Amino acid sequence: MTIAVNAIFFNPANLEGYGHYTLSIFHILVKQHPHHQFVFIYDRPHTTDLITGPNVQSITVGPAARHLPGFFYWYNISAAMAVKKIKADVWVQPYGFCSQTSQVPQLLVVHDLAFKHFPQYISWMQRWHYAAMTPLFLKKAKRVVTVSEFSKQDIIAAYPQLSKSPSVIAGAARKGFAPLSWEEKEQVKEAYTDGYEYFLCVGGIHPRKNMIHLLKAFSLFKKWHKTNMKLVFVGRLAWQYKDFLEKLKSFKYRKDVVLTGYVEENILQKLTGAAYGALYVTHFEGFGLPIVEAMQSGVPVITANNSSMPEVGGDAALYAESNNPASIAAQMQILYRNEQMREKLIQKGLERAQYYSWDKSAALFWEEIIATNAVSS
């Protein structure tokens, strides 16, 4: 087969959930299936091919698909023509969008329906686009994949007319996320928090990630405990972040808050492994890779009791209400005061992380590619 893969989010300077998911799976597939050709299609010139191999080709097809006019043209005209030209057997669409014009069978990945649950966090144009086009994307795709049982049921409930039930293929932690030695932890803390312990929050800074409530929770925690504990945010300034930055300026414990911005993966692994605890108490997630990455790093996790997060964390995490800073702070206090509970969560987290495997996910994804091709045969 010739397998085309939409690579427009393969940006090494800004690689987040969708990109990590796709890269992790295809790093494995291109090696396991050397007799098949993989063509990664970018929408702008790139200097680094994130996946290479004798059976790998990367091509650039403009215009950049970053705004609606360019988006429609890229998916439905220029990229569709390129996929036809290379005689692709399957076109993998990992970001919830697909071409309406291409006759090549498409495998669509829909990570979540956050736009339905939190429309206020995106522009009116994005709301219109998602609302109008998502049912068409689901209808057009030959096969649909999602990342959790929660998202599967959410999609089925939102689109009962869907003729095909999505397949669930979860994410996993990458191998570099692992427990650190005491010396390694001290080096990281010296570099980022003046040697002090810290809670870690990973994710782009935008309202759905709940950063303001985390600040409020941290403030409560600091009032309850006279401690030098820090709060470290790792992630880019994504969108609607000005309110967060403004509140941070007058935040009482501003000197105890660290913003690293986007960091490369090896740095993220170190920051994760050295954390006292991981906070991933967002308003909504289709999966939540940082939960599993922290667990695999031997770091206890506090996450939200909504959407897919209880499914991912199981009994290996503490849960809080995302809209209640006191609920979050109370769980932070448990980690801080109850060392036995903290150690129990670390051990359960290490075990829980083993449940998720990129090798297993890649094998399931390959079955979906085969099935997508079979549909057209």
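**Aromatic pairs and salt bridges in a predicted model**

Tyrosine 121 has a relative accessible area of 17% and therefore counts as buried (under 20% relative accessible area, with exposed meaning over 50% and partly exposed in between, for a 1.4 Å probe and protein chains only). The model is predicted, so local features need pLDDT of at least 70 and side-chain atom pairs count only at pLDDT 80 or more, while totals for chains, interfaces and linings use all residues. Residues are numbered from 1 along each chain as its sequence is written, and side-chain values use heavy atoms, with hydrogens and water left out.

The structure holds 29 aromatic pairs, where rings of Phe, Tyr and Trp (its six-membered ring) pair if their centres lie within 6.5 Å, and planes under 30 degrees apart count as stacked, over 60 as edge-to-face and the rest as tilted. One of them joins phenylalanine 71 and tyrosine 75, a tilted pair at 4.5 Å centre to centre with 35 degrees between the planes. These two residues are four apart in helix 2 (residues 68–85), and are therefore separated by about one helical turn; helices (H or I, at least four residues) and strands (E, at least two) are DSSP runs, numbered from the N terminus. Phenylalanine 71 is buried at 9% relative accessibility, and tyrosine 75 is buried at 1%. The rings of phenylalanine 118 and tyrosine 121, by contrast, form a stacked pair, because their planes stand at 0 degrees, with the centres 5.6 Å apart. Phenylalanine 118 is buried at 19% relative accessibility. Phe71 and Tyr75 also belong to one aromatic cluster, whose members include Trp74, Phe97 and Phe137.

Turning to charged side chains, a search of the whole structure finds 14 salt bridges, each a side-chain nitrogen of Lys or Arg within 4 Å of a carboxyl oxygen of Asp or Glu. Arginine 174 and glutamate 265 meet in one of these, at 3.0 Å from N to O. Because arginine 174 lies in the loop between strand 7 (167–168) and helix 6 (182–192), and glutamate 265 in helix 9 (residues 265–273), the pair ties together parts that are 91 residues apart in sequence. Arginine 174 is buried at 9% relative accessibility, whereas glutamate 265 is partly exposed at 31%.

Glutamate 184 and lysine 270 meet in a salt bridge at 3.5 Å, N to O, which links helix 6 to helix 9 across 86 residues.
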